[in-house]
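Please consult the sequence and structure shown here.

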Amino acid sequence: MTVKRLRERQAEATREQLVTVARELFVEQGFAATAIDEIVQRAGLAKGALYHHFSGKDALFKAVYDAVLDETAEAVMAAALAESHPWDAVRAGLSAFLDACLRPDFRRIVIIDSVGVMAANSWEGGLEGVELPMLRVVLTPLVVSGALPGVAVDPLAHVALGGLYGSALYITRAADPQAARAEAETVLDVVLRGVRAVAAE
């Protein structure tokens with residue numbers, strides 16, 4: 001292994017350590033209450049190591065946000081792709097998203113803190129860099145199969161995204177997130193049944 005490659009691996013490990021520790025602290029305390037000094041202390045690193053990889057706490061938050069969203073998208077797509085029928089795939093994928101809404105990291109980082117942090121920063125891709133591609137994967141088979149005549153993938157994905165984030169907010173703000181998730185899934189099933197009935201006419 002070359003010295004350059006070893007340094008690259010060490011740098012990657014340092015970056016991953018910072019993201020992991022920041023993720024833990026953001027979930028425990030929230031973005032605003034977490035200090036950079038606390039992150040580097042728990043990570044066992046110098047402050048310079050953080051600034052070598054990130055311009056500041058906001059940029060580190062973005063890396064954590066991306067990691068949480070990437071994991072969620074992978075789970076949603078895996079659930080959808082495990083089903084052979086397009087409608088079952090949509091139901092499984094959207095249900096997997098509702099499951100994510102019960103995770104403390106998703107609720108705190110994606111739903112609660114991201115709005116304030118990301119509103120103050122114009123990162124390219126905005127809030128749709130992961131979600132829309134994920135929904136396109138899940139919803140495209142419905143459109144391609146002709147199950148939704150006259151409906152295009154892009155508007156369908158955008159409307160679905162709005163519904164999913166509305167569900168996520170409802171679950172996150174609920175006194176009983178498990179009960180709220182069950183209620184959201186009941187609504188999801190009613191909507192899917194209605195759409196299927198209209199599409200079949």
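This is a predicted model: local features need pLDDT of at least 70, side-chain atom pairs count only at pLDDT 80 or more; totals for chains, interfaces and linings use all residues.

Residues are numbered from 1 along each chain as its sequence is written, and side-chain values use heavy atoms, with hydrogens and water left out.

**Largest pocket**

- The largest pocket holds about 460 Å³ of space. A pocket is an open set of points on a 1 Å grid over the protein atoms alone where a 1.4 Å probe fits, with protein on both sides within 12 Å along at least five of seven lines.
- Its lining comprises 21 residues, of which Leu94, Ala160, Leu188, Val191 and Leu192 are the closest to the centre; lining residues have an atom within 4 Å of a point.
- Helices H5 (86–100), H7 (131–144), H8 (153–173) and H9 (177–200) each give two or more residues to this lining, and H8 gives the most, with seven. Helices are DSSP runs (H or I, at least four residues) numbered from the N terminus.
- By residue class, the lining has 19 nonpolar, two polar and no charged residues.

**Thr72**

- Thr72 belongs to helix H4 (residues 57–81).
- Thr72 counts as buried because its relative accessibility is 1%, buried meaning under 20% relative accessible area with a 1.4 Å probe and protein chains only.
- A polar atom of the Thr72 side chain lies 2.9 Å from the backbone oxygen of Val68.
- The side chains of Thr72 and Arg103 make a polar contact at 3.4 Å (N or O atoms within 3.5 Å, one able to donate a hydrogen and the other to accept it).
- Apart from neighbours within four places in sequence, Thr72 is in contact with Phe97, Ala100, Arg103 and Phe106 (heavy atoms within 4.5 Å).

Methods. Grid points are joined across faces, edges and corners, and a volume is the space filled by probe spheres set on the points. Ala, Val, Leu, Ile, Met, Phe, Trp, Tyr, Cys and Pro count as nonpolar, Asp, Glu, Lys and Arg as charged, and the others, Gly among them, as polar. Buried means under 20% relative accessible area, exposed over 50%, partly exposed in between (1.4 Å probe, protein chains only).
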